Amino acid sequence: MKVGDKDIALDKDGFMIDPEVWNDAVARAIAMDEGIEAMTEEHWKVVNFIREYWKKTGLAPAVRPMCQELNVNVRQIYKLFTSGPARGACRVAGLPKPDGCV
Amino acid sequence: MDGIIYLDNAATSFPKPDVVHDTVRDFYSKYGVNPGRTGCDLALKAEQMIHGTRKGLSDFFNQSIVDAGKVKDPNRLVFTMNATMSLNLIINGCVKPGDHVVTTKLEHNSVIRPVNHKVRAGSEATFVAPDVEGYLDPESIRKGIKKNTTLVIINHASNVTGVVQDLEAIGKVCAEAGVPLAVDCAQTAGVIPIDMTKCNISFLSFTGHKGLYGPTGTGGICVADNATIKGSIFGGTGVRSADPYHLEEYPYCLEAGTLNLSGIAGLSAGLKWILGKGIDSIYHHEMELMGMLQEGLAAIEGVKIHGTRNLKKRVATLSITVAGYDPSDVGTILDVDYGVQSRTGMQCAPLIHEHHGTTPRGTIRFSVGPFNTKEHIETAIRGVSEIAADRRK
């Protein structure tokens, strides 16, 4: 993915290979790819929470405590990020693809 | 946990009965030592607990022998860490290069993967397909058996749809062909009565932490008195230490190293709890709730039930998809907004998902346990109904 003059490497599912090179411009570019035309304050609230949690723990936050902390229900998160908290919000927040049992 | 509705009992039963926790604590506080390594009182008490659990489980899976006043050798009940280890021991002990194994598309990866590794090493395998509902035709097992078949291995109940196979009919086919039958009872041990003799089962694999209500890290194999498995793990047994090779008699030939003693103590308590409650009574409760769940979900526009709707030859497990949704998203919304814990994805059983057309994203699986209530089921139905309605707007 090209953001400004930088090439941002993504994996086959569109998650960042190197989360350290994430910034607001990268977030907006991934969001656009997710079908989000413009990042609103509500989008940033979720993305920043995920980003801060990941920086502290190296993990994606569990959805339930994130919703409690942000005082939203998960369906609101799905309205903001139609791919959901893991495949949508975490991707915009620049996290590597979360593990999950599929 | 307050506010949590646990409908993932096919993964592990939760909560466990209080007596299981109490027994584990009791073991560690009163006699938590290694049996067989010494003759002291505590070691003997631990050995008695292990032997009593072997005998209890051995009798549990061989009721017709007990009813006939005969003795099923309890030492042929060997303990393992889990069903996966049991199934690996069976497959490794019965299938060598050039041999053929018959299994099915209903299996969990705990069978599929060890069998595939055998094939990679020079064995052959046939994966028999069930019918559209998920039931196996015993004749299809017969057709799968070849001259070099050394093992038929099937699951008793699918961990995806709950469909229960006719073990008596399949066992008859295997007995007639002279091929040992191994049954993965991960979903049925403690849930449905199983009689190894009546069903001609040579090797019964079980886990301790599901329908037997024991702790995780427990499982085992019950080996019929006329069957044998070549051992594939070697080491300490606590007896005859001077022997340079691993012991060949049961249970040692399939056990090596210190057992999960506290786990087995808890498993023994779980078994007693089931027997006290009555296996039929627990099953009836679970299936009544399953019937209610199935009926409620079937009535929701956009919900598809995968596999059988038969409530007779079944355990309390059900898989659905919801139109317009990835199953994992439904699971997340159910969890966070309704407190309902389900299991989404492929549930480690990829071939049955192919069979039901639910690859690659799988299903949302609900599995009911003895501590669930009608209110839990009502909440799950309401949750799915509201989630499905969102995509119809």
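## A buried residue in chain B

With 22 C-beta neighbours inside 10 Å, B:Ile5 counts as buried (20 or more other C-beta atoms within 10 Å of its own; 12 or fewer is exposed, in between is partly exposed, and C-beta atoms are placed from the backbone). The model is predicted, so local features need pLDDT of at least 70 and side-chain atom pairs count only at pLDDT 80 or more, while totals for chains, interfaces and linings use all residues. Residues are numbered from 1 along each chain as its sequence is written, and chains are lettered from A and ligands numbered from 1 in the order in which they are written.

B:Ile5 belongs to strand S1 (residues 5-6) of chain B; helices (H or I, at least four residues) and strands (E, at least two) are DSSP runs numbered from the N terminus. Leaving aside neighbours within four places in sequence, B:Ile5 is in contact with B:Gly339, B:Val340, B:Gln341, B:His376, B:Thr379 and B:Ala380, where contact is defined as C-beta atoms, placed from the backbone, within 7 Å. B:Ile5 and B:Ile377 are 372 residues apart along the chain, and their C-alpha atoms are separated by 8.8 Å.

## A partly exposed residue

B:Lys45 sits in helix H2 (residues 41-60) of chain B. B:Lys45 has 16 other C-beta atoms within 10 Å and is therefore partly exposed.

## Chain B overall

Chain B contains 12 helices and 13 strands. Its radius of gyration is 21 Å, close to the 21 Å that the globule rule gives for 393 residues, so chain B is as compact as a globular protein of that length. The radius is taken over C-alpha atoms, and the rule is 2.2 Å times the number of residues to the power 0.38.

Along the principal axes, the C-alpha atoms of chain B fill a box of roughly 75 × 55 × 40 Å. Of its 393 residues, 52% count as buried. Among contacts in chain B between residues at least 6 apart in sequence, 70% join residues at least 24 apart.

## Helices H4 and H5 of chain B

Helix H4 (residues 83-94) of chain B packs with helix H5 (residues 109-120) of chain B at an angle of about 30 degrees, their axes 9 Å apart. H4(B) is therefore roughly parallel to H5(B) (angles under 35 degrees; over 145 is roughly antiparallel, 65 to 115 roughly perpendicular and the rest oblique). Axes are lines fitted to C-alpha atoms, for helices over the stretch in contact, and angles run from 0 to 180 degrees between N-to-C directions.

On the H4(B) side the contact involves B:Ala83, B:Thr84, B:Leu87, B:Asn88 and B:Ile91, which meet B:Ser110, B:Val111, B:Pro114, B:Val115 and B:Lys118 in H5(B). By class these residues are 6 nonpolar, 3 polar and 1 charged. Ala, Val, Leu, Ile, Met, Phe, Trp, Tyr, Cys and Pro count as nonpolar, Asp, Glu, Lys and Arg as charged, and the others, Gly among them, as polar.

Chain A has 5 helices and 2 strands, in the order β-β-α-α-α-α-α along the sequence. For 102 residues a compact globule would have a radius of gyration near 13 Å, and the 13 Å of chain A agrees. In chain A, 31% of the 102 residues count as buried.

The contact between the chains takes 12 residues from chain A and 12 residues from chain B. Helix H3 (63-70), helix H4 (74-80) and helix H5 (84-92) of chain A each supply at least two residues of the side that touches chain B. That side of chain A has 7 nonpolar, 3 polar and 2 charged residues.

Notes: Contact = placed C-beta atoms within 7 Å.
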